[in-house]
Amino acid sequence: MDAALSKIGLGGGCHWCTEGIFVHLRGVTRVEQGWITSEPPHAAPSEAVIVHYDGHLISSRELIEVHLSTHAATKAHAMRAKYRSAVYYFDESAKEALRRNLDEAAATFAEPVVTLLLPFKEFTASLAEHRDYYRTDPDRPFCRRYIQPKLNRLKVERAGLLREGTEGLSQ
């Protein structure tokens, strides 16, 4: 069981998209958007978020399942360093549980998952004008094209994980 008020780092493509998904999950208390670095060979900054959550309301396993299902977790591409698919742990005591969660969630995919489990080293926050990108203006073309379809899929596949009041999300 996760302890209350935990945190996890998640990298999965554009941090606008990742933030736009996780702010709508029950139990998530805050999402910080920016760049995370890890240890070599993954020391280059990569777009990511830090998700702060109440482990009594949502588990790290559920967060990882949502993470893998809302980005290209099985695709390697040329910009994977900047858009690294990763789960970042903040202390060694969490590493094995997160490894188990990641492996179990990855086993549900038909193709191999490229998501890495990495130690968190450093975080640099996005500029203020880029934070809350989806909530600020969900009708932006980027939001409608990339974030909204992921939220719509979550509403169908994992409605129980969405916080109350998300029924009226943009369509």
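Rings of Phe, Tyr and Trp (its six-membered ring) count as a pair if their centres lie within 6.5 Å; planes under 30 degrees apart are stacked, over 60 edge-to-face, and the rest tilted. The views below come from a predicted model, in which local features need pLDDT of at least 70, side-chain atom pairs count only at pLDDT 80 or more, and totals for chains, interfaces and linings use all residues. Residues are numbered from 1 along each chain as its sequence is written, and side-chain values use heavy atoms, with hydrogens and water left out.

**View 1. Tyr 133 and Phe 142, one of five aromatic pairs in the structure.** Tyr 133 is buried, at 12% relative accessible area (buried is under 20%, exposed over 50%, partly exposed in between; 1.4 Å probe, protein chains only). Phe 142 is partly exposed, at 24%.

**View 2. Phe 142 and Tyr 146, a tilted pair.** The ring centres are 4.9 Å apart and the planes form an angle of 45°. Both residues belong to helix 5 (residues 141-157), where a spacing of four residues separates them by about one helical turn; helices (H or I, at least four residues) are DSSP runs, numbered from the N terminus. Tyr 146 is partly exposed, with a relative accessible area of 39%.

**View 3. A cluster of rings.** Ring pairs join Trp 16, Tyr 133, Phe 142 and Tyr 146.

**View 4. Charges over rings.** A charge sits over a ring if NZ of Lys or CZ of Arg is within 6 Å of the ring centre and within 35 degrees of the ring normal. Arg 140 lies over the face of Tyr 133, 4.0 Å from the ring centre. Lys 7 lies over the face of Phe 90, at 4.5 Å from the ring centre.

Conventions: Helices (H or I, at least four residues) and strands (E, at least two) are DSSP runs, numbered from the N terminus.
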